[in-house]
Amino acid sequence: MADFYTQVSERFLRYVKIDTQSDADSSTAPSTMKQKNLAKMLVDELSHIGVQNVHMSEECVVYGTIPSTLQDEKGISVGFIVHMDNAPGVPTADVKPWVLKNYQGGDVLLNKEQNIVAEVSRFPNLNKYIGQDIVFTDGTTQLGGDDKAALAAMMTMAEHLCSHSEIPHGPVQIAFTPDEQIGRGIDNFEIGRFGADVAYTVDCPRMGELGIGSFHGGEAVFTIHGIAIHPGEAKDMMKNAVLIGTELINMLPHLERPQDTEGMEGYFHAYHFEGSVDEARVKCLIRDHDRQRFEERVQYVWKCAEALNKRYGKGTIELKYTEGQHNMKETIDTVPYMVDYALQAMEAAGVEAKTLSIRGGSDGVCLCEKGLPCPNISAGYENEISRFEFVPVQSMEKNVNILLKLVEIYGRHKEFHS
């Protein structure tokens, strides 16, 4: 396998310093204009290394094509999609990445001044990377490995293909999207302009994972209308929206929360609570791999709203439900060779591969709903969207080899299907 250590590490350390946090409360596209700073940089880099038809839309979606090198200049067109944004919730400005060379196990001191430590007792996944070089932050921000580790691998793959025209492959399509972390990555994505017959997102966390299924998802937003009055005069008159919101959250099954579930288990995730006595708001994600159980969960939140309205008066709870993504497996099952090829590429790169259903959303889930099959290949980050996120450089390097091998396999697609 080729050595891509220097390229991926240099790119990654440069990309994570660019703040691209998205904003779910924004109505613009992209949700934050600072995402364009990275997008413009990537456009320049793509053009410089020789990618063709490079374009950035007004909504900050970046497209590019690496033409076929096959004799007939045809072949199946395979696409790769990576998102540029960082998730809201944990700071992303002024990221200070650093590399721990040849990690030898044990706790990692991220920030001596603030005594921020990545403890192995809390993060035992560190033990998988003994002997490797790991990128951390200083513990005051998230790192942005989700999904900039994939950006570094994708750009390195593209540079290698453009500088090695002797590698036989069909058309390779590249896209970088904004706002994936807030569920809008594909809102302004033009499948026709992208031009891929099949595609992969590169956004599964741990190395070797291949996401071929996903949750059915939705979001319930409860607005709680209270009655504020001076506490000294509140007897039989005050209706405290904060307390009603707390009661609502406690109505959700206690063992069906993200922190108590794994694998194919569904959950309710009350992730946002704000307000006052007069009015409060609770946002809750609903997730389940099984369609029937998912629909039962949706009905349950409506019953919660109905019960509280009955208890506290009509109109106390206003529920707005938004249907989200559905299980991408239904689309991926129509093109089983996509899974086979990805597993072959991982194994050829010396990576132990496994398929799974991802426990979150992705651009690939949305694209599957739009008819473009799009499994999710691992990017190699760990503890994503936290101050304790880390990325082994060797994982990014392996990812370059996986992507190159996958492109090579697609270049021989006719041999398998003639």
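The model is predicted, so local features need pLDDT of at least 70 and side-chain atom pairs count only at pLDDT 80 or more, while totals for chains, interfaces and linings use all residues. Residues are numbered from 1 along each chain as its sequence is written, and side-chain values use heavy atoms, with hydrogens and water left out.

Begin with the backbone. Most residues other than glycine have a negative phi, and most peptide bonds are trans. Some places here depart from that pattern. A cis peptide bond joins alanine 29 to proline 30, with omega about 0°. Proline 30 sits in the loop between helix 1 (5-15) and helix 2 (35-49). Helices are DSSP runs of H or I with at least four residues, strands are runs of E with at least two, and both are numbered from the N terminus. Another cis peptide bond joins aspartate 146 and aspartate 147, where omega is about 20°. Aspartate 147 belongs to helix 3 (residues 145-163).

Next come the phi angles. Cysteine 60 is not a glycine, yet its phi is positive, about 80°. This cysteine lies in the loop between strand 1 (52-56) and strand 2 (62-66). Is cysteine 60 buried or exposed? Cysteine 60 counts as buried because its relative accessibility is 0%. The cut-offs are simple: buried means under 20% relative accessible area, exposed means over 50%, and partly exposed lies in between (1.4 Å probe, protein chains only). The areas come from the Shrake-Rupley method with a 1.4 Å probe, and for residues only the protein chains shown count as cover. Aspartate 94 also has a positive phi, near 60°, and is a residue other than glycine. Look for aspartate 94 in the loop between strand 3 (78-83) and strand 4 (98-100). Aspartate 94 has 53% relative accessibility, so it counts as exposed.

Now turn to helix 10 (residues 393-411). Its 19 residues should span 27 Å at 1.5 Å a residue. The expected span is 1.5 Å times one less than the number of residues. The end C-alpha atoms of helix 10 are 28 Å apart, which agrees. Helix 10 is also mostly covered, with 16 of its 19 residues buried.

Tyrosine 337 is in helix 8 (residues 337-348). Tyrosine 337 is buried because its relative accessible area is 17%. From tyrosine 337 to aspartate 23 is 314 residues in sequence and 37 Å in space, C-alpha to C-alpha. Proline 124 stands in the loop between strand 6 (116-118) and strand 7 (134-136). At 49% relative accessibility, proline 124 counts as partly exposed. Proline 124 and valine 8 are 116 residues apart in sequence, and their C-alpha atoms are 25 Å apart in space.

Charged side chains are the next stop. Side chains of opposite charge can pair when their charged atoms come close. How many salt bridges does the structure hold? There are 19 salt bridges. A salt bridge is a side-chain nitrogen of Lys or Arg within 4 Å of a carboxyl oxygen of Asp or Glu. Arginine 14 pairs with glutamate 45, and their closest N and O atoms are 2.4 Å apart. This pair links distant parts of the chain: arginine 14 is in helix 1 and glutamate 45 in helix 2, 31 residues apart. Arginine 14 is partly exposed, at 28% relative accessible area. Glutamate 45 counts as buried, at 13%. A network of salt bridges links Glu10, Arg11, Arg14, Glu45 and Glu159.

Arginine 311 and glutamate 247 form a salt bridge too, at 1.9 Å from N to O. Here helix 6 supplies arginine 311 and helix 5 (residues 241-251) supplies glutamate 247, so the pair links distant parts of the chain, 64 residues apart. Arginine 311 is exposed, with a relative accessible area of 52%. Lysine 329 forms a salt bridge with aspartate 333, and the closest N and O atoms are 2.9 Å apart. Lysine 329 is partly exposed at 34%, and aspartate 333 counts as partly exposed at 47%.

Glu295, Glu296, Glu323 and Glu369 form a negative surface patch. Patches are made of residues with over 30% relative accessible area and no salt bridge; like charges are joined within 9 Å, and nonpolar side chains (Val, Leu, Ile, Met, Phe, Trp, Tyr) within 5 Å. Asp and Glu count as negative, Lys and Arg as positive, and His and the chain ends are not counted. The place of a charge is NZ of Lys, CZ of Arg, CG of Asp or CD of Glu. Glutamate 296 is in helix 6 (residues 291-312). Glutamate 296 is partly exposed, with a relative accessible area of 47%.
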